[in-house]
Amino acid sequence: MDWTPTISELSGPRYQRIVEAMEADIAAGRLVRGQQLPTQRALAKALDVDLTTVTRAYTEARRRGIMEARVGQGSFVSETSARRAVDLPHPVAIDLSMNVPPHPLEAQLDERIIAGMEALRAQSGLTAFLNYQPPGGSAHEREVAARWMRARVPHAHADRLVIFPGAQTIIFSLLAHLAKPGDIVLTEALTFPGIKAAAARLGIKLVGVAMDDGGILPDALAKACRTHRPKAVYLIPTLHNPTTATLSPERRSAIAKIIREAGTILIEDDAYGLLDRSASPISNLIPERTYLASTLSKCIAPALRVAYLVTPDDAAQQEMRAHLQAIVQMPAPLMVALVTHWIETGVADRIITAIRNEAVGRQQLAQRALKGFQFLARPAAHHLWMRLPEGRPDVAAHLLRNGLAVVAADAFTVDATAPHAARVSLGAARNRSELAEALRILVGALQKPTDTRQIV
C-alpha cells in the first residue's frame with residue numbers, strides 16, 4: 001500500500017483525522033494528483049480502525065473535492081479542487097461551454113482562501129470589510145494592484161486605476177461613457193458575447209472587422225475607421241476569445257498607429273494577458289488613448305469579481321469611478337481585500353502559475369486527442385477554436401444530444417455569416433479524465449454521421 005496516513009498526532013474524530021492527513025500530504029507533495037489511494041478495507045486494516053470510519057473519511061474527502069472515485073478502478077487523489085457538478089442542465093453531462101480557468105490542486109485555492117481570510121481577520125477583523133468602501137478601491141488597494149500590474153503595464157499607477165466587480169461591468173461602463181445610442185464601436189469579426197450583450201442593451205452598434213488566424217487585420221481596421229468613424233475600438237489581442245489568436249508585435253504596432261491617427265479610443269480587453277505574459281499590451285504603445293481591462297476571472301476565479309481598469313489619465317479615472325458608484329457602488333470589499341493580500345504576499349502569482357501550467361497540460365492533452373482535425377490553439381489558453389466539417393450544420397446540436405456542450409460560432413459573430421466552428425473550453429472540465437472523455441465524444445461526433453432525425 002503506497003499511502004498510510006499518520007493520524008495519531010491529530011485530534012478529533014478518527015475519520016476527520018484521516019481526511020486532514022490526506023489534505024496535509026497533498027499540500028506537502030506526499031500525495032500527488034491522480035495517485036491511487038488504498039482501498040477502504042486495506043486502509044482500515046493498516047490503521048486498525050473500523051471499515052465504516054474509512055468509508056466516512058472517503059465520503060468526506062470526496063465532498064471536499066480532494067478525492068474522486070472512478071467506477072471499476074478505485075479511489076484517486078483529485079486532479080482539481082472542483083466539486084461534483086450538480087446543476088448542469090439536462091441533457092448536459094460534460095459542459096465545455098463556459099470559458100473558466102481550471103483549478104488544479106497545486107493552486108491550493110481552498111487552503112489559500114482560508115489562510116487569506118484568517119490573515120485579514122488577524123489584521124483588522126473581517127467585519128471591517130462589511131461596510132461601504134470608496135468606489136473603485138482604496139488608495140492602498142489601487143497602489144498594490146498598480147505596482148503588481150507595472151511588470152506588464154509600465155504606466156499603471158494608482159491615480160489611473162479603478163477596481164471593478166468584474167470585466168463585464170468595465171465593458172458596460174466604458175460603452176456608456178464613450179458612446180451613445182446609435183454610435184458605432186468596432187470589434188473583431190468574432191468577439192466576446194459580453195460586449196454584444198452590453199452594446200445591445202445600450203443601443204450601440206457593433207461593426208466587426210475582418211480577421212485571419214493571426215487576429216484582426218490592420219488594413220481592414222484602418223478602412224473601418226475611415227468608413228465608420230467609431231467612438232471606440234474593442235479588441236482582445238492576447239489569447240483572443242474565441243479564436244485564441246494572439247497579435248504579433250508588428251500588428252500591435254500597426255493597430256496602435258491606426259488608433260492614434262483615427263483619433264479614436266482603444267478598449268483593450270486583457271482578460272487572458274496574465275496567462276501569456278510574453279505579449280505586451282497595445283496600451284503600452286498608446287496609453288493616452290487606451291482603457292486597459294485586466295480581470296482575475298480567467299487567471300484565478302470568476303466568482304472573485306475583481307478586475308482592474310487602467311485609464312488614459314487622472315480625469316478619466318475619476319469619471320470611471322463615478323460610473324462605478326452609480327451602477328453598483330463598489331466591488332465587494334472582502335474579495336478585493338483577499339486579492340490584495342494575495343498580491344502583496346506573492347500568492348496570486350503562485351496561483352496563476354499553477355493554473356497556467358494546468359492550462360498547458362490540458363492543451364497538450366487536446367493536441368493528442370484531436371490530431372488530424374483543424375483547430376486553433378495556444379499553449380496557455382483555456383479554450384480552442386474547432387473548425388467543424390462542412391456539410392454538417394448541426395454538429396453542436398449533435399454533441400449536445402450526446403451530453404457534451406460547446407459554443408457554436410454564431411454566439412461570437414458580430415455582423416457577418418458565422419463560420420462553421422465552435423469554441424471548446426478545456427478549463428471547464430472538472431479534471432483531465434473528464435476532459436479526455438469529452439474530447440473522445442467530440443472526435444466521435446466529428447468522425448461519424450449525425451444521428452438520424454426523428455420525423456414527427
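Leaving aside its neighbours within four places in sequence, which residues is Thr-191 in contact with? They are Lys-196, Tyr-234, His-240, Asn-241, Pro-242, Phe-412 and Val-414, where contact means heavy atoms within 4.5 Å.

Before we go on, some ground rules. What you're looking at is a predicted model, where local features need pLDDT of at least 70, side-chain atom pairs count only at pLDDT 80 or more, and totals for chains, interfaces and linings use all residues. Residues are numbered from 1 along each chain as its sequence is written, and side-chain values use heavy atoms, with hydrogens and water left out.

**The whole protein**

The protein has 14 helices and 17 strands; these are DSSP runs numbered from the N terminus, with helices being H or I of at least four residues and strands being E of at least two. For 456 residues, a compact globule would have a radius of gyration near 23 Å, and the protein's 24 Å agrees with that. That radius is taken over C-alpha atoms, and the globule rule is 2.2 Å times the number of residues to the power 0.38. The C-alpha trace spans about 80 × 65 × 40 Å along its principal axes.

Buried residues make up 54% of the 456. Buried means under 20% relative accessible area, exposed means over 50%, and partly exposed is in between (1.4 Å probe, protein chains only). As for contacts between residues at least 6 apart in sequence, 72% of them join residues at least 24 apart.

**Back to Thr-191 and its surroundings**

Thr-191 sits in the loop between β5 (184-188) and α7 (193-202). Two of its contacts, Asn-241 and Pro-242, are joined by a cis peptide bond with omega of about 25 degrees. Pro-242 belongs to the loop between β9 (232-235) and α9 (249-262), and Thr-244 is also in the loop between β9 and α9. Thr-244 has a positive phi of about 70 degrees, although it's not a glycine. Arg-229 isn't a glycine either, and its phi is positive at about 45 degrees; you'll find Arg-229 in the loop between α8 (218-228) and β9.

Here's how some loop residues compare for cover:

| Residue | Relative accessible area | Class |
|---|---|---|
| Thr-191 | 0% | buried |
| Thr-244 | 2% | buried |
| Met-330 | 17% | buried |
| Arg-229 | 72% | exposed |

**Met-330 and helix α11**

Met-330 lies in the loop between α10 (314-327) and α11 (333-345). Apart from neighbours within four places in sequence, Met-330 is in contact with Asn-131, Tyr-132, Gln-133, Pro-134, Pro-135 and Pro-165. Its C-alpha atom is 28 Å from that of Gln-108, which is 222 residues away along the chain.

What about α11 itself? At 1.5 Å a residue, its 13 residues should span 18 Å, and its end C-alpha atoms are 18 Å apart, so the two agree. The expected span is 1.5 Å times one less than the number of residues.

Just after α11, Gly-346 takes a positive phi of about 85 degrees.
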